[in-house]
Amino acid sequence: MPELPEVETIKKGLEKLVIGYRIVDILADSPKQILPSLKVVKGEVIGLEIAEIKRRAKLMQVFLKAPREQQKERRRQLNFSEKEKSVWQACLLIHLKMTGRLLVRKPGDPGDEYQRVVIGLEKKYFRSGRQIAGGGLTFPVWKSGEENNLELRFCDLRKFGWIKLVKGREELEKIMAEFGPEPLDDLTFSYFKRYLASTRRPVKLALLNQKKISGIGNIYANDSLFLAKIDPRRPACGLKEKEVKSVYQSIHKVLRAGIKYRGASDQHYLDALGQKGAYQKHFLVYKRDGKKCFSCSGKIRRIKIGGRGTFYCPRCQN
DNA sequence: CAATCAACCTGGGTGC
DNA sequence: TGCACCCAGGTTGATT
């Protein structure tokens with residue numbers, strides 16, 4: 001279940017591994033997961049270079065630009081206002097849903113489980129510093145080396161995840177405007193307080209609403225409410241200011257812990273190099289039903305809220 | 001408006 | 001061993 005900390009961990013890995021690589025091919029065993037279609041995406045992104053990777057909510061944003069040698073040509077084609085705006089030419093928006101993975105491998109590496117889409121990457125690299133040309137001029141030597149090629153593999157057991165091509169800043173902004181503030185970045189206490197006061201839904205479901213707060217999924221919602229000692233079933237609007245503050249702070253603590261431990265590899269999650277995270281070793285209540293509460297030693301209970309597994313300590317959380 | 005629920009998928013687990 | 005069934009959870013969209 002890649003939530004904010006998991007996607008953030010993958011993002012940091014991808015940044016180290018694939019920036020500057022050029023997309024040379026896309027293969028899809030599961031073309032339905034590529035939007036609007038494999039054909040269109042291939043047509044638009046092959047030849048572009050990965051310029052920047054960002055995370056927003058639970059989404060990965062892979063920004064692509066024309067490679068250096070084509071930039072002059074592209075600039076000539078654009079009008080002035082486009083020049084001003086477009087630092088990037090296309091963006092691949094990736095949602096991993098529950099079982100998605102983004103793995104960076106070498107082309108010859110053994111196939112990964114549930115491999116659905118493979119993006120072939122190539123890098124022209126600086127080989128030998130500068131070479132002296134005949135007239136005393138110097139220039140860099142770029143050489144494509146197959147041994148340096150990589151694959152970005154999108155693996156997804158349940159095929160709920162997707163990769164979507166976004167072609168402009170406006171389109172991206174329109175999509176991203178549907179998501180609430182980032183809990184570790186621009187979620188202010190006053191906004192949070194106002195939001196909780198505005199809904200009678202169980203506070204746990206309020207935390208999961210991506211339109212209002214982005215990035216929190218089932219694991220971190222459960223653990224946040226345990227840390228805040230709040231019963232997940234309580235109507236959000238019924239929390240006192242002190243309790244709202246406690247939930248607000250707990251969300252920060254739990255998400256930061258998730259990032260610190262490189263995510264929770266409870267079932268499927270792996271980082272960009274295929275490594276497990278460790279937050280599952282630090283679950284406070286998630287998946288701990290029947291086990292002892294770390295605070296009072298009582299039994300952690302499992303119930304359903306909004307159809308989803310919910311874990312809490314009946315004695316500590318009320 | 002809000003709440004509920006099926007649908008999207010696959011594999012692992014359970015009960016018979 | 002085989003088979004029917006349920007369950008996991010992020011998100012959308014239809015229905016009440």
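In strand E10 (150–156), the bridge partner of leucine 103 is arginine 153. The model is predicted; local features are reported at pLDDT of at least 70 and side-chain atom pairs at pLDDT 80 or more, while totals for chains, interfaces and linings use all residues. Residues are numbered from 1 along each chain as its sequence is written, and chains are lettered from A, with ligands numbered from 1, in the order in which they are written.

Of the 318 residues in chain A, 38% are buried. A residue is termed buried if 20 or more other C-beta atoms, placed from the backbone, lie within 10 Å of its own, exposed if 12 or fewer do, and partly exposed in between. Contacts are defined by C-beta atoms, placed from the backbone, that lie within 7 Å. Among contacts in chain A between residues at least 6 apart in sequence, 69% join residues at least 24 apart.

Strand E10 is mostly covered, with six of its seven residues buried. Strands are said to pair if DSSP finds at least two bridges between them. Strand E6 pairs with E10 in the antiparallel sense over six bridges, and E7 likewise pairs with E10 in the antiparallel sense over six bridges.

Strand E2 (residues 34–35) pairs with E11 in the parallel sense over two bridges, and isoleucine 34 stands opposite isoleucine 163. Strand E5 (residues 90–95) runs antiparallel to E11 and is joined to E11 by five bridges; cysteine 91 has valine 166 of E11 as its bridge partner.

Chain A is divided into domain 1 (4–176) and domain 2 (189–312), with bounds that come from an automatic or database domain assignment. Contacts between the domains involve 17 residues of domain 1 and 19 residues of domain 2. On the side of domain 1 that touches domain 2, helix H1 (4–18) and strand E6 (100–105) each supply at least two residues. Helix H1 gives the most to this side, with nine residues. By class, the side of domain 1 that touches domain 2 has 10 nonpolar, three polar and four charged residues. In this classification Ala, Val, Leu, Ile, Met, Phe, Trp, Tyr, Cys and Pro count as nonpolar, Asp, Glu, Lys and Arg as charged, and the others, Gly among them, as polar.

The 15 residues of H1 should span 21 Å at 1.5 Å a residue, and the end C-alpha atoms of H1 are 21 Å apart, which agrees; the expected span is 1.5 Å times one less than the number of residues. Because 11 of its 15 residues are buried, H1 is largely enclosed by the rest of the structure. The buried residues include Leu4, Pro5, Val7, Ile10 and Leu14, together with Glu6, Glu8 and Lys11. Elements that cover them include strands E3 (49–56), E4 (59–65) and E7 (115–122), as well as helix H9 (241–260). Just after H1, glycine 20 takes a positive phi of about 90°.

Helix H8 (residues 218–227) is mostly covered, 10 of its 10 residues being buried. Among them are Asn218, Tyr220, Asp223 and Phe226. The buried residues of H8 pack against helix H7 (203–208), helix H9 and strand E13 (308–312). Just after H8, lysine 229 takes a positive phi of about 60°.

Alanine 177 is placed in the loop between helix H5 (169–176) and helix H6 (189–197). Alanine 177 counts as exposed because it has 8 C-beta neighbours inside 10 Å. Alanine 177 and lysine 211 are 34 residues apart in sequence, and their C-alpha atoms are 8.7 Å apart in space.

The surface near DNA strand B divides into two nonpolar, two polar and five charged residues. DNA strand C is surrounded by 14 residues, of which the closest are Met1, Lys58, Gly217, Asn218 and Gly309. The surface near DNA strand C divides into four nonpolar, five polar and five charged residues.

Definitions and conventions: A residue is near a molecule or strand if its C-beta atom, placed from the backbone, lies within 6 Å of it. Helices (H or I, at least four residues) and strands (E, at least two) are DSSP runs, numbered from the N terminus. Two residues are in contact if their C-beta atoms, placed from the backbone, lie within 7 Å.
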